Each structure stands twice: as C-alpha cells, then as structure tokens.
Amino acid sequence: MQSDVILAGFGGQGILLIGKMLAYAGMHEGKQVSWLPSYGPEMRGGTCNCTVVVSDKPVGSPVIRSPRAVLAMNLPSLEKFEADVRPGGLLLINSSLIDRGTEREDLTVIEVPANQVAADLGNPRGANMVALGAYLGATDAVSLDEVIEVIRETFAARPAMIDVNIEALRMGYELGAESKVAEA
C-alpha cells in the first residue's frame with residue numbers, strides 16, 4: 001500500500017515540518033518513505049510545499065504528478081494543486097483561510113478550520129498539526145501514535161510545545177476520522 005500527499009501553504013505555516021514528521025513516522029513504522037520539499041526564496045510568506053510518499057514497497061520516485069491527497073493550507077495552494085489530485089482522491093482544505101470548496105465531484109473533500117481549531121486550543125501556531133491530524137484521521141497513512149512519538153522527539157528541547165501540539169494533532173485526527181477515505 002502506498003500513501004502519497006502534497007502538503008502546501010505559505011512559508012511559516014509549518015508545512016515542511018509536518019511533511020518531515022509524516023515521513024519520519026513512516027520510517028519508524030519500517031516503511032519506505034520519500035520527502036521532497038519545494039519552496040520559494042522568501043523566509044516567510046512565500047509559497048512552499050512538500051510531497052511525502054509512505055509505502056510498503058520501495059518508492060520509485062519522490063515526484064508525484066497525481067497525488068492521492070492534497071492538503072491545502074491557503075488559497076494559492078488549493079488553486080495550484082486541486083486539479084492534480086487523482087480521481088477518487090482526498091482534498092483537505094483549511095477552511096479558516098480558504099473561503100471556497102471545490103467544483104470537482106470525483107474527490108473526497110474535507111474542510112477543516114485548522115487555524116480556528118488551533119486558536120481555540122490556545123495554540124494559534126498549531127494549525128499545521130490540526131491539518132496533519134485531519135489527514136491521518138482520514139487516511140491512516142501512518143499511525144497516530146507514531147506521529148505523537150515524532151512530536152515528542154522533535155520538540156524534546158522545547159517541552160512546552162509537546163502537549164499543545166499533540167492536542168492539536170488529536171483534535172484534527174477526530175475531524176478527519178469523521179470523513180475517512182478508503183486507500184486506493
């Protein structure tokens with residue numbers, strides 16, 4: 001089984017971080033992974049995305065032209081990648097920053113107010129964790145417990161960040177699980 005996703009948004013939203021976490025969790029589960037980042041020259045505010053592949057078999061290429069899923073954290077990312085999602089795939093939209101859905105009828109669409117959920121949890125920078133949790137809840141690409149362990153490792157030097165990010169991840173997971181999609 002292979003899961004592949006393009007995670008996309010503005011620089012500074014933690015897109016590359018959640019992509020790495022997803023890849024590390026897959027590695028910890030003994031799967032084959034690929035993480036391919038792409039970003040503009042800006043430090044913050046520019047566009048960035050990454051492609052993550054998690055597979056039981058060797059990954060043939062880190063480049064995925066028609067991903068099974070796209071997680072769009074902002075409108076420019078939705079506009080850039082929504083047409084690329086393969087029919088029957090998943091489009092996860094951050095409805096806090098994107099005020100439209102999609103006109104495609106061949107996708108599972110999950111609208112998650114990631115920024116609002118994170119703000120309600122008192123962790124406004126945790127929108128990326130809410131979105132990652134929603135992706136995991138909808139797909140089970142890797143186990144939630146494994147991502148929690150990766151969060152513990154990633155933020156070991158900043159322990160105050162661990163519990164708030166785990167809480168945001170779990171909240172997103174619950175939202176995504178409500179719209180679970182079957183793996184292709």
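## Close-up views of a predicted model

**View A. The salt bridge between Arg 100 and Glu 82.** Arg 100 is partly exposed, its relative accessible area being 30%. The model shown here and in the other views is predicted. Arg 100 pairs with Glu 82, and the closest N and O atoms of the two are 2.5 Å apart. The pair joins distant parts of the chain, 18 residues apart: Arg 100 sits in the loop between strand E5 (90-94) and strand E6 (108-112), whereas Glu 82 sits in the loop between helix H2 (75-81) and E5. Glu 82 counts as buried, at 12% relative accessibility. In general, side chains of opposite charge can pair when their charged atoms come close.

**View B. The salt bridge between Glu 149 and Arg 152 in helix H5.** An N to O distance of 3.5 Å separates the two side chains. Glu 149 and Arg 152 are about one helical turn from each other, because they stand 3 residues apart in H5. Glu 149 is partly exposed, at 37% relative accessibility, and Arg 152 is partly exposed with a relative accessible area of 37%.

**View C. The salt bridge between Glu 29 and Lys 31.** The closest N and O atoms of Glu 29 and Lys 31 are 3.4 Å apart. Glu 29 is partly exposed at 28% relative accessibility, and Lys 31 is partly exposed at 21%. The whole structure holds 5 salt bridges.

**View D. The buried residues of helix H5 and what covers them.** In helix H5 (residues 144-154), the buried residues are Leu 144, Glu 146, Val 147, Ile 148, Val 150 and Ile 151. Their cover includes helix H1 (15-28), H4 and helix H6 (160-177).

**View E. Leu 136 and Tyr 135 in the largest nonpolar core.** This core has 43 residues, and Tyr 135 and Leu 136 touch the most other members. Helix H4 (residues 127-139) supplies the largest share of the core, 9 residues. With neighbours within four places in sequence left aside, Leu 136 is in contact with Leu 22, Val 142, Leu 144, Val 147, Leu 169 and Tyr 173. Another core, of 11 residues, lies apart from this one; among its members are Ile 6, Ala 8, Phe 81 and Ile 93. In soluble globular proteins, nonpolar side chains tend to be buried together.

**View F. Asn 165 in helix H6.** Asn 165 is buried, at 3% relative accessibility. A polar atom of the Asn 165 side chain lies 2.8 Å from the backbone oxygen of Met 161. Beyond its neighbours within four places in sequence, Asn 165 is in contact with Asn 123, Gly 126, Met 129, Ile 151 and Phe 155.

Definitions and conventions
Residues are numbered from 1 along each chain as its sequence is written. This is a predicted model: local features need pLDDT of at least 70, side-chain atom pairs count only at pLDDT 80 or more; totals for chains, interfaces and linings use all residues. Side-chain values use heavy atoms; hydrogens and water are left out. A nonpolar core is a set of buried Ala, Val, Leu, Ile, Met, Phe, Trp, Tyr and Cys residues joined through side-chain atoms within 4.5 Å. Buried means under 20% relative accessible area, exposed over 50%, partly exposed in between (1.4 Å probe, protein chains only). Helices (H or I, at least four residues) and strands (E, at least two) are DSSP runs, numbered from the N terminus. Contact means heavy atoms within 4.5 Å. A salt bridge is a side-chain nitrogen of Lys or Arg within 4 Å of a carboxyl oxygen of Asp or Glu. A polar contact is a pair of N or O atoms within 3.5 Å; within protein, one must be able to donate a hydrogen and the other to accept it, and residues adjacent in sequence count only if both atoms are side-chain atoms.
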